[in-house]
Amino acid sequence: MGEEESIRAASEEVSRQFKTLINGEEVESVKQLQHLILGRLQDSNAVLAHFNEYSERCYAEVSGDFSRNTQLLKSIKSDLDHIFTKLRSMKAKLKATYPDAFPDGSATDRLDQRPDLEMSLQ
């Protein structure tokens, strides 16, 4: 028996031993499960791709409005800040001119139960 033949015989024996460790039905079952999972993943990927396309179209439709409304809100806030600054200035002038026109702090707290609009939202 030559060296090449002994190597071939040894490899065939190892092959036979491996075949006894593996159940062909279980391997086929695993392959079928993998194929099923692959199909489900491909379906999920297609659904997500369609959703992303839909989301992109919706965003394109509303992004202009969103941008305009954001600018409008910034403008309104700037206007309100200016108005409150003017009102504080006018109140200070009135208080300096007519000190009795405004009640002290404790009376103001009882009279004015409105929220402070100048507090920043966090």
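**Figure 1. Nonpolar surface patch in the predicted model.** Leu72, Leu73, Ile76, Leu80, Ile83, Leu87 and Met90 make a nonpolar surface patch of about 660 Å². The structure shown here and in the other views is a predicted model. One of the patch residues, Leu73, lies in helix α2. Leu73 has a relative accessibility of 58% and counts as exposed. For the protein chain as a whole, the accessible surface is about 11800 Å². Carbon and sulfur atoms account for 59% of that surface.

**Figure 2. Salt bridge between Lys77 and Asp81.** The two side chains meet with an N to O distance of 2.9 Å. Lys77 and Asp81 are both part of helix α2 and stand 4 residues apart, about one turn of the helix. An α-helix has 3.6 residues a turn, so residues three or four places apart point the same way. Asp81 has a relative accessible area of 37%, which makes this residue partly exposed.

**Figure 3. Salt bridge between Arg68 and Asp65.** The closest N and O atoms of this pair are 2.2 Å apart. Both residues belong to helix α2, which covers residues 24-97. Their separation is 3 residues, again about one turn of the helix. Arg68 counts as exposed because its relative accessibility is 53%, and the cut-off for exposed is over 50%. Asp65, at a relative accessible area of 39%, is partly exposed.

**Figure 4. Salt bridge between Arg16 and Glu13 in helix α1.** The side chains of Arg16 and Glu13 meet at 2.8 Å, N to O. Helix α1 spans residues 3-21 and holds both partners, 3 residues apart. This spacing is about one turn of the helix. Side chains of opposite charge can pair when their charged atoms come close. Arg16 is partly exposed, with 47% relative accessible area, and Glu13 is also partly exposed, with 34%. A search of the whole structure gives 4 salt bridges, among them the bridge between Arg16 and Glu13.

**Figure 5. Start of helix α2 and the kink at Val62.** At the start of α2, a side-chain oxygen of Asn23 comes to within 3.1 Å of the backbone nitrogen of Glu25. Further along, α2 has a kink of about 40°. The kink is centred on Val62.

Figure 6. The protein chain has 3 helices and 0 strands, in the order α-α-α along the sequence. Of its 122 residues, 1% count as buried. The mean pLDDT of the chain is 86, and 84% of the residues reach 70 or more. Among the elements of the chain, α2 has the highest mean pLDDT, at 94. Helix α3, residues 105-111, has the lowest, at 56. Where pLDDT is low, the predicted coordinates should not be read in detail.

Methods. Residues numbered from 1 in each chain as written. Predicted model: local features only at pLDDT ≥ 70, side-chain atom pairs only at ≥ 80, totals over all residues. Heavy atoms only, no water. Helix = DSSP H or I, 4+ residues; strand = E, 2+ residues; numbered from the N terminus. Buried < 20%, exposed > 50% of the residue type's maximum accessible area, 1.4 Å probe, protein only. Patch = residues over 30% accessible without salt bridge, like charges linked within 9 Å, V, L, I, M, F, W, Y side chains within 5 Å. Areas by Shrake-Rupley, 256 points an atom, 1.4 Å probe, with all protein chains shown as cover. Bend = angle between axes of the 7 residues up to and from the residue. Polar contact = N/O pair within 3.5 Å; in protein donor to acceptor, adjacent residues only side chain to side chain. pLDDT = per-residue confidence, 0-100.
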